[in-house]
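Work through the exercises below with the sequence and the 3D structure at hand. Each task is followed by a solution in steps.

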Amino acid sequence: MTTALVDGFGRVHRDLRISVTDRCNFRCAYCMPEEGMQWQRREDLLTFEEIERVARIMVERYGVDGIRLTGGEPTVRAKLPVLVEKLAALGVDLAMTTNGVSMPLLATDLKAAGLRRVNISLDSLRADRFEELTRRDELDRVLDGIDAAVAAGFEPVKVNVVVMKGINDDEVVDFAHFGRERGVTVRFIEFMPLDADEVWNNDRVLTQDEILATLRTEFELEPIPRTTAPATRWRHADGRGEIGVVASVSQSFCDTCDRVRITADGQFRNCLFATDETDVRSLLRDGSSDDVVADALARSVASKWAGHQINQVHFIRPRRSMSEIGG
Ligand code: SAM
Ligand code: SF4
């Protein structure tokens, strides 16, 4: 029987984000330190069978209908299309967030395996800045990856841009043009305090209002009615494309949040900013029944807090950085 994953504020959780690895072939400055990352031991990562089991429990018992694969960089996990095929068989809206660099090689296989949607992260269209931000000289391959995703038939392909004041905020208009030209939806994301080097501060956040004011100097934009999705969206008045803004810092959407996460090492998180986790991996490996696993998930969601409190004095930074949680 299906019940719902409901928290104490009545929010129903239907969207599961699965980090399939904590490793990455990039080192984005706002996400991972350049050196010294301690990778999880391989035996501590959930196997495909374990991931499938948790996902199946959540889909069958709690009506989860959206799953997003993330990381680290999900495409560095060997045989990813095999996992995609297993999860696609659950009948969910299956998506992935990737840095795009492996999409020229993998896009067709992932589509054939049942992946429905992709978001590709790209924070600069300028080669020198891209290299500074990602610490990799791979802009052309990421651009090819975006084209490969479109050519493979993913619809829509979204491009995620983390906007940081004084770093890439002068590219907001360029990105909107880029989206219209390439036939992809650009989503600007406010910089969040989950960077590994802990350089985040409020002055670095270009807010949704500022992003929109910048875009309106060049484009006529019309609002699209909001859904429970985190992005607020606008369409270009000439009908050519749309843009979105994920205003996690300036206009938190905690009230309508329907997401839960599982890290690559099998820790269940009821909030991106959660300071504690539920150890699902131990339950998966100690012979616990599906009922026991399902109860642990439900208890974690039931104890979820109201919201993340960034910008409040009592905000506590999570121990893990974005690359370990998965975004
Ligand atoms: N490696 C994949 C990628 O880059 O798309 C997936 C994992 S990455 C952690 C998921 C998303 O988090 C990316 O879109 C990335 O830009 C975003 N991200 C990372 N650090 C962030 C931060 N401090 N604030 C806001 N977004 C961040
Ligand atoms: Fe890797 Fe994605 Fe983090 Fe960049 S944002 S370091 S690509 S996990």
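**Exercises on charged residues**

Arg129 is buried, at a relative accessible area of 16%; buried means under 20%, exposed over 50% and partly exposed in between, with a 1.4 Å probe and protein chains only. This is a predicted model, in which local features need pLDDT of at least 70 and side-chain atom pairs count only at pLDDT 80 or more, while totals for chains, interfaces and linings use all residues. Residues are numbered from 1 along each chain as its sequence is written, and side-chain values use heavy atoms, with hydrogens and water left out.

**Exercise 1.** Find the residue with which Asp170 forms a salt bridge, and say where the two partners lie.

*Solution.* Step 1: a salt bridge is a side-chain nitrogen of Lys or Arg within 4 Å of a carboxyl oxygen of Asp or Glu. Step 2: the partner of Asp170 is Arg129, with the closest N and O atoms 2.7 Å apart. Step 3: Asp170 is in the loop between strand E7 (157-163) and helix H6 (172-182) and Arg129 is in helix H4, so the pair ties together parts that are 41 residues apart in sequence. Helices (H or I, at least four residues) and strands (E, at least two) are DSSP runs, numbered from the N terminus. Step 4: Asp170 is partly exposed, with 42% relative accessible area. Step 5: a network of salt bridges links Arg126, Arg129, Asp170, Glu171 and Asp174.

**Exercise 2.** Describe the salt bridge between Arg56 and Glu60.

*Solution.* Step 1: their closest N and O atoms are 3.7 Å apart. Step 2: both residues belong to helix H1 (residues 48-62), where they are four residues apart, about one turn of the helix. Step 3: Arg56 counts as partly exposed at 27% relative accessibility, and Glu60 is partly exposed at 47%. Step 4: the whole structure holds 23 salt bridges.

Terms used
Chains are lettered from A and ligands numbered from 1 in the order in which they are written.
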